[in-house]
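Have a look at the model below. We'll walk through its insides and then zoom in on a few helices.

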Amino acid sequence: MDELSALEDPRMREVNARHGDDHGVNLSRLRALAKRLKTQQDLAQQLWTTGDTAARLLAILICRPGSFGRDELDTMLRSARAPKIQDWLINYVVRKNPHTEELRVLWSADADPVVAGAGWALTADRVAKHAEGLDLAELLDIIEAEMKDAPERLQWAMNTCLAQIGIHHPEHRERALRIGERLGVLRDYPTSPGCTSPFAPAWINEMVRRQDAG
């Protein structure tokens, strides 16, 4: 914790605050600290219990993802309100845990939009990698009915799922494009030159173009 405090940068905290994150540690320096510490599950759990955002990010980097139980990960997500913690927890821990599918189903139906967003993020990942057993038409039905008015993080995850369906499943591509165009979610999202827009139709068309070109 002393080392983390020494890494605190007020300017970095100001930048992170714009994204809803309450820490001031440069993530490159945080990763360097994690690389030095290597995997330490006990230390990771102690760091998580502090509730400090920087400490929890470090915990995610040095933990053993497969060591957490389903209920433990459920509790961790619900207590992780900072967006960066949520993203890292899902990407670096939950996706590498044997309880991923159970949590995907549990979280997708949750009344808390942040928790539901985590479920949809896992669903988008499955759509892209192993969609067997998923009812893609039903997912499109839900997206079409609910994405437009969904809270920000849930909306973002649903939009990602919509794009992944359109990119990876040609039989649903036309409908995914129609839904994206009609709802207009993230149509005007600021995108840097050379980057792909998160607006689903633009995202789908660009990724399909690259697939065809490759």
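First, some housekeeping. This is a predicted model, in which local features need pLDDT of at least 70 and side-chain atom pairs count only at pLDDT 80 or more, while totals for chains, interfaces and linings use all residues. Residues are numbered from 1 along each chain as its sequence is written, and side-chain values use heavy atoms, with hydrogens and water left out.

**The cores**

A nonpolar core here is a set of buried Ala, Val, Leu, Ile, Met, Phe, Trp, Tyr and Cys residues joined through side-chain atoms within 4.5 Å. Buried means under 20% relative accessible area, exposed means over 50%, and partly exposed lies in between (1.4 Å probe, protein chains only). The largest core has 34 residues, and Trp48, Leu58, Leu89 and Trp107 touch the most other members. Helices are DSSP runs (H or I, at least four residues), numbered from the N terminus. Among those that supply at least two residues each to this core are α3 (27–37) and α9 (113–129), but α5 gives the most, with seven residues. There's also a second, separate core of 29 residues, which includes Leu154, Val185, Ala200 and Ile204.

**Glutamine 164**

Glutamine 164 sits in helix α11 (residues 152–168). Is it buried or exposed? Glutamine 164 counts as buried because its relative accessibility is 14%. Contact means heavy atoms within 4.5 Å. Leaving aside neighbours within four places in sequence, glutamine 164 is in contact with Ala124, Val127, Ala128, His169 and Trp203.

**Helix α12**

Helix α12 covers residues 173–183, and its buried residues are Arg173, Ala176, Ile179, Gly180 and Leu183. Down the axis of α12, they fall within an arc of 125 degrees, so they line one face of the helix; the arc is that of the directions from the helix axis to the C-beta atoms. Glu174 and Arg182 are exposed, on the face turned away from the buried side. The cover over the buried residues includes α10 (136–146), α11 and α13 (200–213). After α12 comes glycine 184, with a positive phi near 70 degrees.

| α11 | Leu162, Gly166, Ile167 |
| α12 | Arg173, Ala176, Ile179, Gly180 |
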